[in-house]
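Dear colleague,

I am passing on the structure we spoke about, and below it you will find my notes. Please read them with the model open beside you.

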Amino acid sequence: MLFRYTHRTVAREFVLIATALVFCIPLYLLLTMSLKTTSEVYTAPLSLPKSLNFSSYSNAWKNAGPSGMGHALFVSATMTVGSVVCLIAIGSLTAYTLARRTGRMSTFLYLLFLIGIILPFQLGMIPLYVVMRDVGLTGTVFGMIVLYTGMLMPLTVFLYTGFIRVLPRAYEEAAQVDGANLRRTYTRVVFPLLRPVTGTVAVLTGIIIWNDFFLPLVFLSGTNNEPIPVALYSFVGNYVSQWNVIFAAVAISVLPILIFYLFAQRELIRGFAGGIRG
Amino acid sequence: MTDIRFEGVGKVYPDGTRAVSDLNLNIGEGEFTVLVGPSGCGKTTALRMIAGLEEVSEGRIWIGGDEVNDVEPRKRDVAMVFQNYALYPHMTVFDNIAFPLQNRRMPKPEVRSRVEHAASVLGLTELLQRRPKTLSGGQRQRVAMGRAIVRQPRAFLMDEPLSNLDANLRVQMRAEIARLQRDLAVTTVYVTHDQVEAMTMGSRIAVMRKGVLQHEGPPQDLYDRPANLFVATFIGSPAMNLMRARLESIDGRLTCFVGDQQFELAAELLRAKPHLEAYRGRDVALGVRPEHIGPTVAGRPQLRGVVQLVESLGSERLVHVEIAAEPVLTDEILELKRDIDEAAVQTLQQGHDEHKVLLIARFSPEATTSAGEPVAICLNAQRLHFFDLTTGEALH
């Protein structure tokens with residue numbers, strides 16, 4: 001097909017570029033603010049920095065949270081990866097059972113999970129805190145992994161169940177006739193076929209956990225295991241907030257996610273858009 | 001010895017739908033049996049019951065002398081080819097074929113040699129590292145076959161494996177599957193709704209309708225001596241011509257009235273079908289295959305009509321002749337027509353209102369008949385079929 005470069009195309013491209021620039025404004029602010037001195041932040045917040053001042057970065061790296069930015073990054077990463085792995089492992093198995101069993105019990109359980117998505121977490125926060133404290137899970141990364149796995153399980157089960165319900169049964173039936181037992185059918189055939197939705201679950205829940213501020217504030221505050229969002233909060237005071245340091249810390253905390261996106265971009269898009277072919 | 005036996009098998013789904021009723025069928029060792037019938041006749045359910053993918057509600061299924069009602073699919077040692085092939089999309093062709101062997105924890109070198117052998121038999125050697133989505137329909141079909149043959153199972157089960165292929169490829173694959181089955185001599189149950197596939201591939205055919213086995217036997221038997229109207233209409237392309245007729249006695253001789261035309265039934269026919277005598281004075285369904293209608297020959301039953309259409313196929317001409325008669329409108333005929341198209345039912349009902357029946361005759365390519373011409377056609381007296389209009393049973 002012949003592509004015609006018309007005035008309309010030019011206009012469309014212009015609108016797209018303008019929109020992209022609007023989306024770049026937060027990134028511009030983030031980087032310029034992080035490279036400014038404290039006085040410059042207040043005198044010329046929107047301008048480019050007069051000179052590149054990297055001291056905010058070293059300050060943020062050393063002083064974020066009780067154990068520095070490196071440890072906060074490690075806590076965030078452990079919490080996120082641990083929770084996502086548990087969510088995928090348990091959620092996909094639960095959803096597989098719920099989707100493939102058509103009895104009343106599975107419908108009831110599925111509805112129970114749906115209610116879990118609808119109910120606001122804040123309603124159950126105090127009893128949850130009491131229980132977590134009594135079993136000794138507050139203040140630990142392991143406790144947060146348990147907490148996030150439970151909290152995001154309804155969403156995970158919902159996403160997986162929807163996907164599995166439209167997954168043709170023929171693959172599983174073929175595996176059964178081919179001599180595979182239930183475990184092997186699941187691990188070798190079903191789970192690999194869930195790759196697109198597993199990608200979606202990993203990204204969605206991963207972002208929620210990585211960015212979550214409230215839960216770590218309640219359950220981890222005051223311990224050495226503060227993740228990035230809580231660690232960043234240490235730069236915000238009642239009277240003085242060091243915005244250049246905060247922005248430098250935000251830039252550092254965004255970096256792992258950006259790198260992840262850069263490398264996994266194609267897979268992620270395929271995950272969101274893809275179905276099963278072949 | 002791997003024969004498959006259905007003993008009074010029935011299948012009722014939880015919602016009360018009955019898919020198969022009292023199925024009794026023996027599939028001998030090494031036989032290629034085709035289960036054929038229109039959509040919803042229970043053929044696929046019967047096949048899935050052999051595989052263990054559907055529970056048996058009534059009766060028993062035996063594979064090689066073992067009752068398998070309560071045996072898990074993976075322990076039945078049968079291989080199945082699915083309608084959409086069900087190739088695992090995340091595995092390569094090699095892994096797809098090797099999967100059944102890996103499930104048996106077979107040593108790697110043996111897996112490799114068996115997969116390579118199966119691939120060479122099916123012409124897949126070049127494709128072993130490819131993923132299913134990069135293969136054509138025919139290649140996928142071969143991979144599915146490879147996955148089935150690599151295990152050397154007790155039986156092959158095939159569920160409409162050619163229905164996703166285009167016409168040319170279907171003819172080619174039909175021959176390939178038949179050859180492969182003959183070479184391997186493995187008991188095979190093949191499900192299809194295409195009677196041409198059934199006729200050309202099967203050593204035996206079992207025709208099903210509404211979950212009930214109608215007729216089972218070698219293809220030629222079903223074609224020549226169909227058990228009832230349903231089998232007569234379902235087997236054969238073009239289908240058997242059917243019209244209402246009345247059997248009357250004139251001067252003591254049994255005469256067949258078709259509309260306002262009549263012909264005397266030959267003595268040999270009456271000897272071959274003694275039951276016809278009992279239908280003296282009654283209406284019956286008269287059937288005749290297209291190849292048993294030809295240009296007039298003295299001494300043979302004749303019918304007059306008008307040529308509506310001539311289809312020249314090169315090797316033969318299909319001549320559509322409209323005669324004044326009443327079409328046969330029974331449940332089974334309507335069901336089969338409905339399976340083709342709702343318009344086919346309307347055409348039949350219109351014929352009923354106008355007392356017209358369209359017969360299709362297979363003429364030689366030299367025949368000079370053309371559309372609009374009045375024509376006299378001759379029926380092969382020895383090859384006429386008669387059916388009871390109430391029960392649909394063939395009168396022999």
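Contact here means that heavy atoms lie within 4.5 Å. On that basis, among the contacts in chain A with a separation of 6 or more, 72% are made by residues 24 or more positions apart. Please keep in mind throughout that this is a predicted model.

Chain A as a whole

Taken along the principal axes, the C-alpha atoms of chain A fill a box of roughly 70 × 70 × 30 Å. Of the 278 residues in chain A, 40% are buried, while the chain exposes about 16000 Å², of which carbon and sulfur atoms supply 71%. As for charge, chain A carries 19 positive and 9 negative side chains, and the centres of these two sets are 7 Å apart.

Helix H8 of chain A and what covers it

Helix H8 of chain A, residues 170-177, is mostly covered, with 7 of its 8 residues buried. The buried residues in H8(A) are Ala170(A), Tyr171(A), Glu172(A), Glu173(A), Ala174(A), Ala175(A) and Val177(A). Their cover comes from both chains: it includes helix H4 (68-100) and helix H9 (182-193) of chain A, together with helix H1 (43-51), strand E6 (78-81), H2 and helix H4 (137-149) of chain B. After H8(A) comes Gly179(A), whose phi is positive, near 95 degrees.

One of the elements in that cover, helix H2 of chain B (residues 93-103), is the place of Pro100(B). Is Pro100(B) buried or exposed? Pro100(B) is buried, with a relative accessible area of 0%. Leaving aside neighbours within four places in sequence, Pro100(B) is in contact with Asp178(A), Arg147(B), Val150(B) and Arg151(B). Among these partners, Asp178(A), Arg147(B) and Arg151(B) also belong to a network of salt bridges, in which they are linked with Asp77(B) and Arg104(B).

Side chains of opposite charge can pair when their charged atoms come close.

In one of them, the side chains of Lys210(B) and Glu335(B) meet at 3.9 Å, N to O. This pair links distant parts of the chain, 125 residues apart, since Lys210(B) sits in the loop between strand E9 (204-209) and strand E10 (212-217) of chain B, and Glu335(B) sits in helix H10 (residues 331-340) of chain B. Lys210(B) is exposed, at a relative accessible area of 54%.

Another salt bridge joins the side chains of Arg282(B) and Asp388(B), again with 3.9 Å from N to O. Here Arg282(B) belongs to strand E14 (residues 282-288) of chain B and Asp388(B) to strand E20 (residues 385-388) of chain B, and the pair links distant parts of the chain, 106 residues apart. Arg282(B) counts as partly exposed at 38% relative accessibility, whereas Asp388(B), at 7%, counts as buried.

The remaining pair is formed by the side chains of Arg362(B) and Glu291(B), at 3.6 Å, N to O. Arg362(B) lies in strand E18 (residues 356-363) of chain B, while Glu291(B) lies in the loop between E14 and strand E15 (293-295) of chain B, so that distant parts of the chain, 71 residues apart, are linked. Arg362(B) is partly exposed, with a relative accessible area of 23%, and Glu291(B) is partly exposed as well, at 30%.

Two distances in chain B

From C-alpha to C-alpha, Pro100(B) and Asp194(B) are 30 Å apart in space, and they are 94 residues apart in sequence. Glu116(B), which lies in helix H3 (residues 108-122) of chain B, is partly exposed, with a relative accessible area of 38%. Between Glu116(B) and Glu277(B) there are 64 Å in space, C-alpha to C-alpha, with the two residues 161 apart in sequence.

With best wishes

Key:
Residues are numbered from 1 along each chain as its sequence is written. Chains are lettered from A and ligands numbered from 1 in the order in which they are written. This is a predicted model: local features need pLDDT of at least 70, side-chain atom pairs count only at pLDDT 80 or more; totals for chains, interfaces and linings use all residues. Side-chain values use heavy atoms; hydrogens and water are left out. Buried means under 20% relative accessible area, exposed over 50%, partly exposed in between (1.4 Å probe, protein chains only). Accessible areas come from the Shrake-Rupley method with a 1.4 Å probe; for residues, only the protein chains shown count as cover. Lys and Arg count as positive and Asp and Glu as negative; His and the chain ends are not counted. The place of a charge is taken as NZ of Lys, CZ of Arg, CG of Asp or CD of Glu. A salt bridge is a side-chain nitrogen of Lys or Arg within 4 Å of a carboxyl oxygen of Asp or Glu. Helices (H or I, at least four residues) and strands (E, at least two) are DSSP runs, numbered from the N terminus.
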